[in-house]
Amino acid sequence: MEYDKNNIFAKILRKEIPCEVVYGDDQVLFFYDINPQAKVHILGIPKKKVVDFRDFILRLDQSSVQYFFTKIIDVINGLGLDQKGYRLIINNGRDANQEVPHFHIHILAGENLKGIR
Ligand code: AMP
């Protein structure tokens, strides 16, 4: 699928719409989900134009993929979420109801996640 440069996360990356940043650098951005499904609900995105999980894994080089997942650990540890646990979710495509066509990972935490998502 071709990358839609007007998707909402592309606009966030261009700072056309605001977000509450948890962590950002030249390669990745982590920010709070506007419609949290748990007490802590963070989204992590690579800054490269990748539509979905397949695109992320196959089109980025291995070091970028590894960097992204390592930053997830850093964000989780930085907020102390590793103490009690967390859930990572990637929605991919129509049946998963992926709403935003820029690859992202959900980090859910902050409470017992039974029955959530
Ligand atoms: P998905 O269904 O996996 O594509 O998830 C998209 C997520 O983006 C949903 O959890 C939305 O609540 C979230 N979202 C949509 N717009 C914004 C926004 N402007 N800022 C933060 N999160 C957003």
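**Figure 1. Secondary-structure elements in the lining of the largest pocket.** In this predicted model, α1, β2 and β3 (40–46) each contribute at least two residues to the lining of the largest pocket. The greatest contribution comes from α1, with three residues. Helices (H or I, at least four residues) and strands (E, at least two) are DSSP runs numbered from the N terminus. A pocket is an open set of points, on a 1 Å grid over the protein atoms alone, where a 1.4 Å probe fits, with protein on both sides within 12 Å along at least five of seven lines; lining residues have an atom within 4 Å of a point. Local features need pLDDT of at least 70 and side-chain atom pairs pLDDT 80 or more, whereas totals for chains, interfaces and linings use all residues. Residues are numbered from 1 along each chain as its sequence is written, and side-chain values use heavy atoms, without hydrogens and water.

**Figure 2. Volume and composition of the largest pocket.** The volume of the largest pocket is about 480 Å³; a volume is the space filled by probe spheres set on grid points joined across faces, edges and corners. Its lining comprises 24 residues, of which F9, D33, I34, N35 and L43 are the closest to the centre. By class, twelve lining residues are nonpolar, eight polar and four charged. Ala, Val, Leu, Ile, Met, Phe, Trp, Tyr, Cys and Pro count as nonpolar, Asp, Glu, Lys and Arg as charged, and the others, Gly among them, as polar.

**Figure 3. The shell around the ligand.** The ligand sits in the largest pocket, in the sense that more than half of its atoms lie within 2 Å of the grid points.

Figure 4. At I34, a backbone N or O atom lies 3.1 Å from a nitrogen atom of the ligand. The protein buries 89% of the 500 Å² that the ligand exposes when taken alone (Shrake-Rupley method, 1.4 Å probe).

**Figure 5. The second largest pocket.** This pocket has a volume of about 150 Å³. The residues lining it are G80, L81, K84, G85, Y86, A109, G110, E111, N112 and L113. Four of these are nonpolar, four polar and two charged.

Key:
Polar contact = N/O pair within 3.5 Å; in protein donor to acceptor, adjacent residues only side chain to side chain.
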